[in-house]
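Please look over the sequence and the model shown here before reading on. The paragraphs below are meant to be read with both in view.

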Amino acid sequence: PEQPHSKTRHRESLCVLNKERESRAENMKIILVLLFTAPLALSADKDYYSGDSAASPDTKSRFAMLDDVRILANGLLQLGHGLKDFVHKTKGQMNDIFQKLYIFDRSFYELSLQTSEIKEEEEQLRQTTARLQINNEEIKNLSQEMNLKIEDLIQNKIQLQEKVWGLEDKVTKLAIIQPSMQETKEISSLKAFVEQQDNDIKQLLKIVEDQHVQLDRQHNQIMELEDKLNQIELQELTENSFMEEQPEPQTKPFPVLNATAGRYRSDGAAPDCTALYHSGEQFSGVYTIKPNGSEAFDVYCEMKFGTSWTVIQNRVDGSLDFNQTWDAYTDGFGDLNEEFWLGLNKTYSITQQGDYILRIELQDWKENKRHIQYLFTLGGPDTNYTLRLSRISGTIPNALPEHTQLRFSTADRDVDTASGFNCPENYQGGWWHSECEETNLNGKYVTPRSRGRLDRRKGLYWKPKKGRYYLLKSTKIMIHPTDFKSFD
């Protein structure tokens, strides 16, 4: 079938051809007018000169006619050159039109072939789906029949077992009564028959169980094929969601080292959000703090677990591009009430006051929430803000290397030159990369409908070392001094 854009191109080509025809018709009209007017002009000149000759016969020049002929010849020559140029131009335009029509016909033919291939693949997919549905129905019917047979066999077994018990009672009584030889033979024969029946039933049950296992295997294969057919629209959303609620791993005890001051200093400035909370601030929002040895700056304080956390990163909807330069990540960017990165310098100035806990909160596209907490240290600008982590608790497997010096990198300043691969440039966001590991909470914001493995690796995700990708909808990174001992 002809596509809409192909029809448009066809109509445009026809319009161009009609315009060229109209232009050629107008030019031919001009040429005919010139051809008709030239003899009239020549005749007028002749009449003029003849009148002059009658008036003054002595002044007539015998070269007047030659001048008229020369003028007419020049005019005709110029007209011929114009006609020649017009013919060449018209030929060129016709060639261009024919070439465009040829390209259009070829594109239309290729598009028709592609459309036919797509229709054939769609038809094959429909046939495959229909066959799978038929096979699934057959398997369901076979499974029902097998279940009915199993129930019958179980009932037969129960009845035979009851008969065996009755025979055992009779045998016991006969043993007491000392039956005759004939009765003993009958009992032995009956017992052998019952044992043979029991063995036959056991074999049948085993065959039924094997067939049931095989049917279950085939059913699982069919379900896997159906899942593959349906994964076009649901793959990202299904594969990149957290699993069902996991039990909280056992929390490792951690020492309380040099804790941050929990109150305002004597100069009235709060060193972090925790100090603000203890001073009476009970609501989440933007506040001004002044860590030791640093200038005052604004931070977002989140009140939870009976205290306050200093938020250093927040992503909720992808409205802010986190593919920023080294200077931007150093100084911070974004809106503290929406998406933002606090800044490495500001975070470093806070953590230099004591020992802090790093908490990462994650939410997937099914609204499932997880978190993980680390003891951590953050180096200064001379170490490229080296991060060192030690996991203490959480509801999700760890995806960041522990007890390793992780240096911060951006696309314009990749400090990990040993691998020969620019992680921030390829994963579109500054982060503490370790040989381009699979986790990057500052990467490109990707929705579940995005396709392609490369796009997912550039997205906002959490990837444990032994596990699958979890495509994330929102992330939040917060810090708190280690003097706070009871939270989850």
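This is a predicted model: local features need pLDDT of at least 70, side-chain atom pairs count only at pLDDT 80 or more; totals for chains, interfaces and linings use all residues.

Residues are numbered from 1 along each chain as its sequence is written, and side-chain values use heavy atoms, with hydrogens and water left out.

The protein has eight helices and twelve strands, where helices (H or I, at least four residues) and strands (E, at least two) are DSSP runs numbered from the N terminus. Of its 488 residues, 33% count as buried; buried means under 20% relative accessible area, exposed over 50%, and partly exposed in between, with a 1.4 Å probe and protein chains only. The protein exposes about 30,300 Å², of which carbon and sulfur atoms supply 54%, the accessible areas coming from the Shrake-Rupley method with a 1.4 Å probe, and for residues only the protein chains shown count as cover. Among contacts between residues at least 6 apart in sequence, 60% join residues at least 24 apart, a contact being heavy atoms within 4.5 Å.

Two strands are said to pair if DSSP finds at least two bridges between them, and strand 3 runs antiparallel to strand 2 (residues 297–304), to which five bridges join it. Within that pairing Lys304 stands opposite Thr307, and in the hairpin of the two strands, which has two residues between them, Phe305 takes a positive phi near 60°. Five bridges also join strand 3 to strand 12 (residues 470–481), again antiparallel, with Thr310 partnered by Ile479 of strand 12.

Strand 6 (residues 356–364) pairs with strand 7 in the antiparallel sense over eight bridges, and Tyr356 has Phe376 in strand 7 as its bridge partner. These two strands form a hairpin with four residues between them, and Glu367 in the turn has a positive phi of about 65°. Strand 7 also pairs with strand 8, in the antiparallel sense over seven bridges, with Gln373 standing opposite Ser393 of strand 8.

Leu387 belongs to strand 8 (residues 387–394) and is buried, with a relative accessible area of 5%. Leaving aside neighbours within four places in sequence, Leu387 is in contact with Phe376, Thr377, Leu378, Thr404, Gln405, Leu406 and Trp432.

Trp432 leads on to the largest nonpolar core, which has 53 residues, and of these Ile360, Trp432, Leu441 and Trp462 touch the most other members. The largest share of this core, five residues, comes from strand 12. Apart from it lies another core, of nine residues, among them Met146, Ile201, Leu215 and Ile222. A nonpolar core is here a set of buried Ala, Val, Leu, Ile, Met, Phe, Trp, Tyr and Cys residues joined through side-chain atoms within 4.5 Å.
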